Amino acid sequence: MLESLLGPGGLVLLRDSVEWEGRSLLKALVRRAALRGERVHVLGCEVSEEEFREGFDSGTNSRLVYHDLFRDPLNWSNTGEALPGGPLGVLRALCTRTGPGPVTIALDSLSWLLLHLPCTTLCQTLHALSRQDSRPDDSSPVERVHVLGLLHEELHGPGPVETLSSLAQTEVTLSGSGDQASAHILCRRPQHRPTHKIQWFTILPDFSLDLQGGSPLKSQPHPDPRTHPVDPTSHLTFNLHLSKKEKEAKDSLTLPFQFSSEKQQALLCRGLGQATSHIFYEPDAYDDLDQEDPDDDLDI
Amino acid sequence: MFPELNDLLNASPDRAEPGKLTLLCDAETDGSFLVHHFLSFYLKANCKVCFVALVQSFSHYNIVGQKLGVSLTTARERGQLVFLEGLRSAVDIFFRAEGKAHPLQFLREAKAASLQPLYEFVREALEPVDQGEAAWKRPVLLVDDLSVLLSLGVGVVAVLDFIHYCRACVCCRLQGNIVALVHDSGDAEDEESDVLLNGLSHQSHLVLRAEGLATGFCRDVHGQLRVLWRTPSPPAQRGRSLTFQYKIQDKSVSFFAKGLSPAVL
C-alpha cells in the first residue's frame, strides 16, 4: 500500500471524518517520505508546529520544513510575523520550489484551505503543485512531487469534494469497525483502470504503519482472560444426556407410522382367521339398534 | 461541578489537563448544565476564567453557581473571572463613543466579517499579568454559546477562525483550556450549523454530547450523554466513546448506565 501511495507522484487525498481521524496517517506517510530521504514541506493550518512534530524522531524532524499557518493565518496580530501573502501566497511559493531530489508536500489540511480560499483557485494551485515534474523546459531529470492532502469530508458539500477527488491520483478514505481502522484506497493511473483496495492498519506510537492482512472480522476475538467461559450445560434440572442402555433402546425402537416388513407381514396375515381381538358390547337400555345399514343406498 | 461527571471524565480540579479543547454539544435538549459544571469546575480549580456569556444574564449563572458552591460575584471581584455579558453589553455598542472596537462590534456591521475584536477581548482578559498576584493556574475560556453567533449573522468561517485563534492563544501559547457549547439543530437544511459542529469536533480533544431520549420526554431520565475522547494528533486507538443517561436534580446531576435508572430498577 505504501509504495502504491507514494510511487507515481501527484495528489494523494486523505479523506477522514470525526470518528476516524486522518492526521495520524498523514504523519505516518510524512515520516515514510522523510525516511526515504525526501524533503518534506508541511503546510500546517490546523495544529501547531510542536503538536505536528510530536512523536517524530530527530531524523524525520530535521527533514521536515513546517510552514506555520496556525499561529496567525489572517494576520490579526499585525506583528509582521505572518507568512507573506497569506495562505495562497504560501501555497504558490511552494509551487516554485526547486531543488534536487523528490519532494513531498503535506497539506494539513485541505479543508482549512477550502474554507478560506475559493475552490477554483485552490484547485488550480493544487494542479500546478502536483504537476511540477512535467515542465517542458526542464532538461534535468524528472523530480517527483508527492502532494498529500488531508480533507475532512463532512465539512464540505459534494461539489468541492468531488472536484478535489477528480484532481487526485490516489484517494484514501478512512473508516473502520470496532477498534480497527481501515483505508479504502482508490488508485487512478493514466492508461490503467482504477484499482480498489481495502487495507486494515494500525499506526504505532512512533508513526510507523502496521499493515494487517485481512479484515479483523476473520480473526476470532481473543476471550478476555479474566472471565472464564461459562458452561451452560452444567447445573441443569433436567437430563440432557442418554445412557448407553437408553441409546440402544432408542435406536431399536420402530416408529409407529413407519412401514416396515414386519408390519407388512402382520397386515397380510390377518386374513388367516386368527382371531386376534374381540369386541364385547353390552347394549344399554337407551341404545337404538337399527339393523338397517345406513350405507344401503350407496351404489358401490 | 458535578462529582459524578468528574468521575466519568476521570477529571478533578487539581489535575486539569492543559491545552485541551472540550466541545459541548446538545441535540433536542438543553445542555447548559454542562456549561455550569465546567464553570464551577474551573473556578474551583483556581483557574482564571474568561466567560463569554451570550445567552443568559450574569445573575442567572450566579444563582446556579451558588447551588454548585461557587460565587461568581466574588470571583469577579477577585479578578479570577472575566465576564462578558452579551445581553447587556450588546446594547452598549450603540451608546458609546467611537473608540476601541467593542468585543461585539460585529453587531454593528452590515456584513459581519470577523470576530477579531472578540478575540482581542479574550486575549487581553487571559494574558497573564506580570505584576499582579500570579495566583491563578492556567487560563480557561468558556463560551455559551457559539450557535448564537451564527444566528446573529456571523459566518461559519468567521466563528471557526475565532476558535482557531483562541486555540492558538489559549491552548497552545498559554497552555489553557477552552470549553464551548454548540447546538445541533438536527435540521438537515442548516448546513452552517453542521459545518460548525463538525469543524469544531475535528479540533477538539473531548466531545460531550447531550441528547434527548429517542422515545421522548421522561420524568426520571432527562437525557443521554455521549462522551467521545478524541486525540487529534497522537496515533492512539480510535477515541473511546461512552454513553450514559442522566437526571438533573436541584443541585446535582446523577448519571447511570443506559436503562439502569434508579426509578426503573
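A charge is taken to sit over a ring if NZ of Lys or CZ of Arg is within 6 Å of the ring centre and within 35 degrees of the ring normal. The legends below concern a predicted model.

**View 1. A:Lys27 over the rings of A:Phe52 and A:Phe56.** A:Lys27 is placed over the face of A:Phe56, 5.4 Å from the ring centre. The face of A:Phe52 also has A:Lys27 over it, at 5.6 Å from the ring centre. Both of these phenylalanines, A:Phe52 and A:Phe56, are buried.

**View 2. An aromatic cluster in chain A.** Over all chains, the whole structure contains 16 aromatic pairs. One of them is formed by A:Phe52 and A:Phe56: the ring centres are 6.1 Å apart and the planes meet at 70°, so this pair is edge-to-face. A:Phe56 also pairs with A:Phe207, in a tilted arrangement with 5.5 Å from centre to centre and 55° between the planes. A:Phe56 belongs to the loop between helix 3 (49–53) and helix 4 (58–63) of chain A, whereas A:Phe207 belongs to the loop between strand 8 (195–203) and strand 9 (209–212) of chain A; the pair therefore ties together parts that lie 151 residues apart in sequence. A:Phe207, like A:Phe56, is buried. Through ring pairs, A:Phe52, A:Phe56, A:Tyr66 and A:Phe207 are linked into a cluster.

**View 3. The largest nonpolar core.** This core comprises 47 residues, and those with the most contacts inside it are B:Val52, B:Val122, B:Leu141, B:Leu146 and B:Phe162. The elements contributing two or more residues are strand 1 (21–27), strand 2 (48–53), helix 6 (116–126), strand 4 (139–144), helix 7 (146–151), helix 8 (156–173), strand 5 (177–183) and helix 9 (191–203) of chain B. Helix 8 of chain B gives the most, with 11 residues.

**View 4. The surroundings of B:Leu141.** When neighbours within four places in sequence are left aside, B:Leu141 is in contact with B:Cys50, B:Val52, B:Val122, B:Leu126, B:Cys166, B:Asn177, B:Ile178 and B:Val179. Apart from the core of 47 residues lies another core, of 41 residues, which includes B:Leu39, B:Leu68, B:Ala75 and B:Trp229.

**View 5. Cis peptide bonds in chains A and B.** In chain A, the bond that joins A:Asp108 and A:Ser109 is cis, with omega about 5°. A:Ser109 is located in the loop between strand 4 (103–108) and helix 6 (110–116) of chain A. In chain B, the peptide bond from B:Asp144 to B:Asp145 is cis, and its omega is near -15°. B:Asp145 is located in the loop between strand 4 and helix 7 of chain B.

**View 6. Positive phi at A:Asn75 and B:Gln175.** A:Asn75, a residue other than glycine, has a positive phi, near 60°. The loop between strand 3 (64–68) and helix 5 (86–95) of chain A holds A:Asn75. With a relative accessibility of 37%, A:Asn75 counts as partly exposed, the class between under 20% for buried and over 50% for exposed. B:Gln175, also a residue other than glycine, has a positive phi near 55°. B:Gln175 lies in the loop between helix 8 and strand 5 of chain B, and its relative accessibility of 40% places B:Gln175 among partly exposed residues.

Note on methods
Residues are numbered from 1 along each chain as its sequence is written. Chains are lettered from A and ligands numbered from 1 in the order in which they are written. This is a predicted model: local features need pLDDT of at least 70, side-chain atom pairs count only at pLDDT 80 or more; totals for chains, interfaces and linings use all residues. Side-chain values use heavy atoms; hydrogens and water are left out. Rings of Phe, Tyr and Trp (its six-membered ring) pair if their centres lie within 6.5 Å; planes under 30 degrees apart count as stacked, over 60 as edge-to-face and the rest as tilted. Buried means under 20% relative accessible area, exposed over 50%, partly exposed in between (1.4 Å probe, protein chains only). Helices (H or I, at least four residues) and strands (E, at least two) are DSSP runs, numbered from the N terminus. A nonpolar core is a set of buried Ala, Val, Leu, Ile, Met, Phe, Trp, Tyr and Cys residues joined through side-chain atoms within 4.5 Å. Contact means heavy atoms within 4.5 Å.
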